[in-house]
Amino acid sequence: MIEIKDLHKSYKMGSNSLHVLKGINFKVEEGELVAIMGSSGSGKSTLLNILGMLDGADSGEYTLDGVPIKNLSETKAAQYRNKFLGFIFQSFNLINYKSALENVALPLYYQKVPRKERQEKAMQYLDRVGLKPWATHHPSELSGGQKQRVAIARAMAAEPKVLLADEPTGALDSKTSYEVMDLIQKINDEGNTILVVTHEEDIAHMCKRIVHLKDGVIVEDKKIEQVRAEQYV
Amino acid sequence: MFNRDRWREILEVLTSNVWRTIFTAFGVCWGIFILIVLLAAGKGLENGIKKDFGDIATNTMFMWTRATTRAYEGLPQGRRFEFKINDVQAIRDNVPNLRFISPRNQLGGFGGNNNVVRGIRTGAYNVYGDYPEIINQDPMAVTSGRFLNYNDINEKRKVAIIGLGVRNDLYDKDEDPLGTYIKIQGVNFLVIGTYKKNNSGGGEEGQKEIFVPFTSFSQAFNRGEDVGWMAITANDGSSISVLKDKIVSVMKERHKVHPEDTRAVGYFDLYEQYNRVESLFGALKAVAYIVGIMVLLSGIIGVSNIMLIVVKERTKEIGIRRALGEQPWSIKKQILMESIFLTLISGMMGIIFGSLVIFGINSLLDSVGPVDMFMSPSVSVGVVTGALTILMVSGLLAGFIPAQSAIRVRPIEALRTE
C-alpha cells in the first residue's frame, strides 16, 4: 500500500540545515495498523507529513497504492489527499463554526458529492463513531473524546486508502484514549490501513507493528501481539 | 457560484464580526456615494446649461451675408450681396450629408415697430418666411390646426402659423384663431395653426413668432429671389463643423467673393458651441469619476486589509481544509467571493443612499422652483451599472492579494499555527 525508499528531508533553519530524515526505507501492506514511535525530534511527524503529502521530500521515492507521489502540484496533491488519505490530528482540527455533521461531510463536499447524499453519508459515519445524537452540535459543545471521534468519522468519510493519525490520543486522558484506540482498532479490523504516530508505549502496543524512529533513521521495525483496547474501556 | 454551502460560509464569515464588517463596508459605501452624488451634481449642471440650448437641432449652422472686404474679379470691396433661392439647390448639389437646408426671410426683430394688425389690436412680432422643414430644426409643438406644407409653398398661399404669445395678444381667451385673418404689413394672411415652443431658450420671445410660407413671404414683401439667411443641419453621422467650410466656399464662388475673404459670409456654428459645452461637461464628469474612484479606492484598500486579517485568522482552518483535500483554487474562490460580496453589498448601500440624497435634492428643487443653471440632477442606469462594474472589479482586486496569501501558506505550516 505504502512504499518509501531512501527518503531524505532536511529543514533550513536560518543558515543551518537540519537533517531530519536520513534515508527511510519502509513498506506498509494493506490492512496493517502501524505505530510510528520515537522521541520528539526523531522525525516521526515529518515522516507522517510527507506520507500525507502535506510536505515534500528532498529525495527518495514514495509510492502510494501504486501511484508514485512526486513533484505534485498543489491541485494534484489536494486531489490525492482527498482520494487516498484521511487525517486524524492531535488537536482534532475540527472547523469551529461548522456542526459535527458538516465537519464530517467536508471531504465529501470537496469530492463534489451532492448535498443530500453527502449528508446521508456523513450521518452514517457519525453513527459509526456513536455520535449520531450530536450531529448538530458544534465542536465547542463536544468533549475531547467526542471531538476526536468526529475527526475520525471525518477522516473515514471520503473512504480513503490510508488513515494517518498524528498523536490521536495526545490531548486525551487515558480512558478516552483507549476509547479512541478501540475505535481505531475496529476500523482496522474492517481492513483499513492505519498509521499512528505516538510516543506512548501503551498506545503503540495496541497496534500490530511498531516502527521506532531515532534521529531520522528507523532503528527497529517489529510485528507485535496486539493489545485490544476494549478491555480497558 | 450559486452553491448553497459556499454562500452560507460567506455569510458566516462576514457576520462573525459584525462591527468590523460594517466599518469596512462603510469605506466602500462612502466612496460610491461620493461618486454617485458628484455625477448627479454634474448632470444637474449639465441639464441646467443645456436647457438654454432648447430643442434646436444642435448639428446646425446659420449663415448670412455681409459686405465683402476684398475686391475680386473687378468687383469692389465693401459690396453687399444677397443669397438667392437657387443657392439652396447649389449647396445641396455640392455638399453631401446635409439633412436640411432652410432658406429664411424675416420681418420685424428686436425693437421692431408694430407690424401685425387684427381689428383694433396690434403687435410687433417676428414674421418668418419658411419652408416646412424648419419645424425639424427649430422644433415647436403645433397646438391647433397644422404647420406649413409644400402646397402652401407651391401655391404661394397666404397662410400663417402663430405662436401662443401672438394668439394671446390678438385674440380673446375663448376665440378660435383658426380661419381668421391677420394683417402683416398690410397683407392679409389666413391663420391655419397655432404653436407652442417648449424651450425656454427664446423665452417669451419664442412664442411671439409668426411663420408663413417662404414663397408667399417673398411675393408679399417684395423679396424676389433673395434669401435672408439659411439654417443648415447636417446628417446625424457627420458634423456641421466639418462641412461648413465647404458650404461657405460654395457660396463665395457663386457670389464672386474672394476665396480668402473671411468676413463676407457670416455664420454661427451651433454645433461648435454645443461641443464646447459638451466637452466642458465631459471634463466635469471625468473629474467626478476620478474623485469618486479615488475615494472608493481607500474603501477598497480597507476591504483588502480586512480580508487579509480574515485570511490570517483562518490560516489554520485553511490548512485543515487543504489537508482534507480542498483545491487551492476553491479556497481562492472563497476569499474572492467574500471580498466581492462585501464590496457589492456595501456599494449597493452607497448607491441607494446616494439615490435617496438625489431624490431629496430633486424634491427640494421642485418645491422651491427652478434654480439658475441647475436642473434635475440624476444618474442614469448606465452610471449605476458602471458603478456596479467598478465595484465588482474592485472587489476582485481587493480579494486578490488576500486570496493569494491564503493559498501561499503551505498546509503543513497552516496546521502548525495554534
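Student: Is helix α5(A) mostly covered or mostly open, and how many of its residues are buried?
Tutor: Mostly covered. In this predicted model, 12 of the 14 residues of α5(A) are buried.

Student: Which ones are buried?
Tutor: The buried residues of α5(A) include Val150(A), Ala151(A), Ile152(A) and Ala153(A). Lys147(A), Arg149(A) and Arg154(A) are also among them.

Student: What do they pack against?
Tutor: Several elements of chain A. The helices are α3 (100-110), α4 (115-128) and α6 (174-189). The strands are β6 (85-88) and β7 (162-166).

Student: What comes just after α5(A)?
Tutor: Glu159(A), which takes a positive phi of about 50°.

Student: Zoom out. How many helices and strands are in chain A?
Tutor: Chain A has 7 helices and 10 strands. It has 233 residues, and 47% of them are buried.

Student: What share of its contacts link residues 24 or more positions apart?
Tutor: 68%, counting contacts in chain A with a separation of 6 or more.

Student: Switching to chain B. How do α9(B) and α12(B) cross?
Tutor: Their axes come within 9 Å and cross at roughly 30°. That makes α9(B) roughly parallel to α12(B). The crossing is right-handed.

Student: Which residues meet there?
Tutor: From α9(B), they include Ile293(B), Leu296(B), Ile300(B) and Val303(B). From α12(B), they include Ile390(B), Ser394(B), Leu397(B) and Ala398(B). The residues of this contact divide into 13 nonpolar, 4 polar and no charged.

Student: Why would residues three or four places apart point the same way?
Tutor: An α-helix has 3.6 residues a turn, so residues with that spacing point the same way.

Student: What about α3(B) and α8(B), at what angle do they pack?
Tutor: About 130°, with their axes 10 Å apart. That makes α3(B) oblique to α8(B). α3(B) passes α8(B) in a right-handed crossing.

Student: Who makes that contact?
Tutor: α3(B) brings Asp87(B), Ala90(B), Ile91(B) and Asn94(B). α8(B) brings Ile247(B), Val250(B), Met251(B) and Arg254(B). The residues of this contact divide into 5 nonpolar, 1 polar and 2 charged.

Student: Last one. Where is Tyr271(B) found?
Tutor: In helix α9 of chain B.

Student: Buried or exposed?
Tutor: Tyr271(B) counts as buried, because it has 21 C-beta neighbours inside 10 Å.

Student: What is it in contact with, leaving aside neighbours within four places in sequence?
Tutor: Tyr271(B) is in contact with Thr58(B), Asn59(B), Thr60(B), Ser239(B), Ile240(B) and Ser241(B). Take Thr60(B): it lies 211 residues from Tyr271(B) along the chain, yet their C-alpha atoms are separated by 6.0 Å.

How values were computed: Residues are numbered from 1 along each chain as its sequence is written. Chains are lettered from A and ligands numbered from 1 in the order in which they are written. This is a predicted model: local features need pLDDT of at least 70, side-chain atom pairs count only at pLDDT 80 or more; totals for chains, interfaces and linings use all residues. Axes are lines fitted to C-alpha atoms, for helices over the stretch in contact, and angles run from 0 to 180 degrees between N-to-C directions. Helices (H or I, at least four residues) and strands (E, at least two) are DSSP runs, numbered from the N terminus. Angles under 35 degrees count as roughly parallel, over 145 as roughly antiparallel, 65 to 115 as roughly perpendicular and the rest as oblique. A crossing is left-handed if the near helix is turned anticlockwise from the far one by less than a right angle, and right-handed if clockwise. Two residues are in contact if their C-beta atoms, placed from the backbone, lie within 7 Å. Ala, Val, Leu, Ile, Met, Phe, Trp, Tyr, Cys and Pro count as nonpolar, Asp, Glu, Lys and Arg as charged, and the others, Gly among them, as polar. A residue is buried if 20 or more other C-beta atoms lie within 10 Å of its own, exposed if 12 or fewer, and partly exposed in between; C-beta atoms are placed from the backbone.
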